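Please look over the model shown below.

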Amino acid sequence: MSVRREKLTDTVAMNHDLLEPAALNKAASAIEAQYAQLAAPSDFVNLIDAIDDHLELVDDAAASFVSVQSKRHQQELSGVEYARTKLNYTKRQTSALADKFGAASELGGVLTIKVKALDDEITKVSEKLEFVEKVQLLKTTINKAAYAIDHGLYEQGAHCISVILNHVDSSIITSEYAEAVVPSTEIPELPNDVIEKWTNQLCAVFKQRFEAAAESRNVTELTKNFQMFPLIGCHDVGLTCYSQFISRIITDTSKTLLSVVDNSQAAERPGMYSQILINFFESISQMLSQHAALVKKYYGNAMPKVIAKIQGEIDAQIGTIADTFYDNRRIDKCLYDVKEYRYPLLSKRQEELKSAGEYSTIEPQMELIPLTTVGDLVTEFSTIFHHWSLYCRFVTTKYLDGDTGVLDKSNVTKKINTKLLPAYEILYQYFFRRSLEKAITIEELTPLDPLLQVDPRNKLGDETPIQQPGDLPVSSVIEDVTLVFNTTIRGCVNSALTSTGKKFISFVTQTLNADYVNGFFIKNLNDNGPRYNQGLCLVEPEAPEAGVAGISRSATPEPAMGFFRGASTALNSVYSSTAMAVNQATAAANPMHTVTANNVKVSNFITYLNSLAMAEEYLQKVVNNIIAELPKYYASAKEEEMMRLALKDDFMDPFTTTATKIIGDSLVNLYNQSIKSRLLTLVTEFLPEQAPDIEDENLNAVRYQQFSIAWYGLINPYSRVLHRKLIFDKLLRLLVVNLSNIIEKKLLNNLRKFKINDLGALKLERDMSHLINQVCRDNYYLRDKFVRVTQIVLLVGMDDDEYQESISHISQEGEFDEELGINWVLTPQERKELRQYRK
């Protein structure tokens, strides 16, 4: 059966293919092609037969296709009819369900309306019940309050009023029902009227009791009555009574503290008024801290109102203390005296610096006010500002949620900005500049020669003692000025007044630049600049200690000696010249250049150079310490950043730049005047003008030892007394750079006169290796400065094959392969010229 179906299917498929348009078109095209090729009548007959056969096949195929498709369509129609029957049944069932759901929906709507109406009735009943209960509570509580007040039980009456205010709405109290039900024959007034009457009555009673307790300082009664005001809704009255009580305490505290001023000795004691204000602020802070919890418990967040109410009294008392301080310290007279002072020494130094060394006489001027007095005033001002800022930060942070409006508008802030702060700025400017002038007046210089004595056990003298910061020879002015700067800048920072701190930084920058850098360091370096061939040398151990002449720090003038003093000066001058000549003659025969005493000007020059480096180091430490402590003084990150930038960018960085430039210029001057000639002599003796192939081992050993002794005799004095990081390392780098240039010129000059062979190149390499090792023993990285010299030595020591191999890895573009060749710093022309010096 299945085989027959397959055959039928295949037959139908074949017949269906004949009916395709493409098949029909193909058959028609074939017939047309045969027709075009007809030649005989028989061909027409055959063509007609073929057409008939094909038509028969097409007709059979069409009939077969129609038969098959008709059956299929009949089956599909039967299926559709069956589906229609089922859908009609489903439709009838759905209509029945829809009718049932509609009825249920109508019933649900009716039930919803009835339930909602029932809920509304329940709500109305509940509201009426609550209203009646509140009215009943109102009536009962009023009766209780009436009984309590009539019998003097005011605290109980206050609690009754509190119950009414907290549990009964004002709309219920004033309602018609309450006004009709609550009044009685005993209390005929309306509820609202009687409550208001009792509130005023209780408020007056509690206020009277609070004031009586305040007069007697009865803390228990004060606290008890203070708690009553919020119960009857009189918060403002309670806070006002409390603020008045605190204000009276503040006034009494201020009077007690100021009573010390009546004692004349105590009034003159430095820092007394700042201590009074410290105690005053501490008293206020303690009171606020003790009472804040009680206020918050019964009044909520009411401390800002309390602060606003008592700030007026605080302003008045601080103003009284500040005015007493201002008058008793005679600040106006101090300011007048300070403004009259002309700084004669600093002015003289400025004039001499501008007039290129022409010395002028100092017109003496007496101090109208002692410097210690001004210092005490500056400290007292700073302490006052500091504790005012601490009080403001404490109150703002703890009670005002960061709002500074009350304190910014206070009279104390106005008084500080208009009266105290300008006086403080004038005083600290005078204190700093006058302290600088006085430090210069009583200056002492550390003697150098004791630090330069040769150890007899060290024949070569090449051992440098370990340098400690306190061992460096410096001027006493450095420590004095640093101490004054540290004290003054800390006072300004402690005040937490950003404007004051920035003004002081601007002032001290100008003062240090004009009077400290130019008027002190540059002038002294110029006045003591070393003359030609006057350098620093090691001192013989038996030499007497050569102290440096300086003005006594006791500021006691030397007695006038008239003619004898002039003769003594002349004799000292002759002795100094003679000693200098003897020292130079001795040094010429002494490879270590030891002397009995160094030249005074050279010693002073080194001391002032050290002083500048130490001044930079000390100031940097002070500034770094203050920057680290800024968060402790400034609550605002913006103010802290402003002060940090002012200290670093406006003050320290410019000072460091100026100091670095002065040190660099001074080292160049020291090298040209004192070291260059000795360096030339040292190279000439180490590299004599002779054929480089002449070699004597004994002579070489002596020459090496002489160079080592001479080099350390040259460098050791400076390494002992100069600041290691800021001065000596720079000087050593300067020496090495110039030594490399001198050796390069010397080598080229010798090679031009005497060509070199393999033996001479080997000797030259040993010489340069010894020299570089000795010079760079303390700083290995300085070997880079001898790259040209080492490449010259390497180049003249190569044979032709080695040289060709060394340059074979340099590309045509000039790029160098580090793994294969030498990175030449000499130009090709220089290398070509140097190769000509080979024998």
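The report goes from the overall fold to single residues.

## Basis and overall fold

This is a predicted model, in which local features need pLDDT of at least 70, side-chain atom pairs count only at pLDDT 80 or more, and totals for chains, interfaces and linings use all residues. Residues are numbered from 1 along each chain as its sequence is written, and side-chain values use heavy atoms, with hydrogens and water left out.

The protein chain has 29 helices and zero strands. Both kinds of element are DSSP runs numbered from the N terminus: helices are H or I with at least four residues, strands are E with at least two. Of the 839 residues, 41% are buried. Buried means under 20% relative accessible area, exposed means over 50%, and partly exposed lies in between (1.4 Å probe, protein chains only). Among contacts in the protein chain with a separation of 6 or more, 82% join residues 24 or more positions apart. A contact means heavy atoms within 4.5 Å.

## The H18–H19 pair

Two packed helices are described by the angle between their axes and the distance between the axes. Helix H18 spans residues 411–441 and helix H19 residues 476–494; their axes come within 8 Å and cross at roughly 170°. H18 and H19 are therefore roughly antiparallel to each other. From H18, the contact uses Tyr424, Tyr428, Phe431, Phe432, Ser435, Leu436, Ala439 and Ile440. From H19 come Val477, Asp480, Val481, Val484, Phe485, Thr488, Gly491 and Cys492. By class, these contact residues are twelve nonpolar, three polar and one charged.

The terms are set as follows. Axes are lines fitted to C-alpha atoms, for helices over the stretch in contact, with angles from 0 to 180 degrees between N-to-C directions. Angles under 35 degrees count as roughly parallel, over 145 as roughly antiparallel, 65 to 115 as roughly perpendicular, and the rest as oblique. Ala, Val, Leu, Ile, Met, Phe, Trp, Tyr, Cys and Pro count as nonpolar; Asp, Glu, Lys and Arg as charged; the others, Gly among them, as polar.

## The nonpolar core

The largest nonpolar core holds 208 residues. Such a core is a set of buried Ala, Val, Leu, Ile, Met, Phe, Trp, Tyr and Cys residues joined through side-chain atoms within 4.5 Å. The residues with the most contacts inside it are Phe485, Tyr516, Trp711, Ile743, Met768, Leu771 and Phe786. Helix H23 (residues 637–686) gives the most to this core, with 17 residues.

What does Ile743 touch, not counting residues up to four places away in sequence? Its partners are Val683, Leu687, Met768, Leu771, Phe786 and Val789.

## Salt bridges

The structure holds 27 salt bridges. Each is a side-chain nitrogen of Lys or Arg within 4 Å of a carboxyl oxygen of Asp or Glu. Lys419 pairs with Asp323 at 3.4 Å, N to O. Lys419 is in H18 and Asp323 in helix H13 (residues 303–328), 96 residues apart. Lys419 is partly exposed at 28% relative accessibility. Asp323 is also partly exposed, at 25%.

Arg329 and Glu380 form another salt bridge, with the closest N and O atoms 3.3 Å apart. Arg329 sits in the loop between H13 and helix H14 (331–340) and Glu380 in helix H16 (residues 371–398), so the pair ties together parts 51 residues apart in sequence. Arg329 is buried at 12%, and Glu380 is buried at 2%. Lys348 bridges to Glu352 at 2.3 Å between the closest N and O atoms. Both lie in helix H15 (residues 344–354), four residues apart, and are separated by about one helical turn. Lys348 is buried at 15%, and Glu352 at 2%. A network of salt bridges links Lys348, Glu352, Lys523 and Asp527.

## Single residues

Ile284 is in helix H12 (residues 272–299) and is buried at 2% relative accessibility. Leaving aside neighbours within four places in sequence, Ile284 contacts Ile250, Ile314 and Tyr391. Thr413 lies in H18 and is buried at 17%.

Most residues other than glycine have a negative phi. Arg330, in the loop between H13 and H14, has a positive phi of about 55°. Tyr343 has a positive phi near 55°. Tyr343 lies in the loop between H14 and H15 and is buried at 11%.
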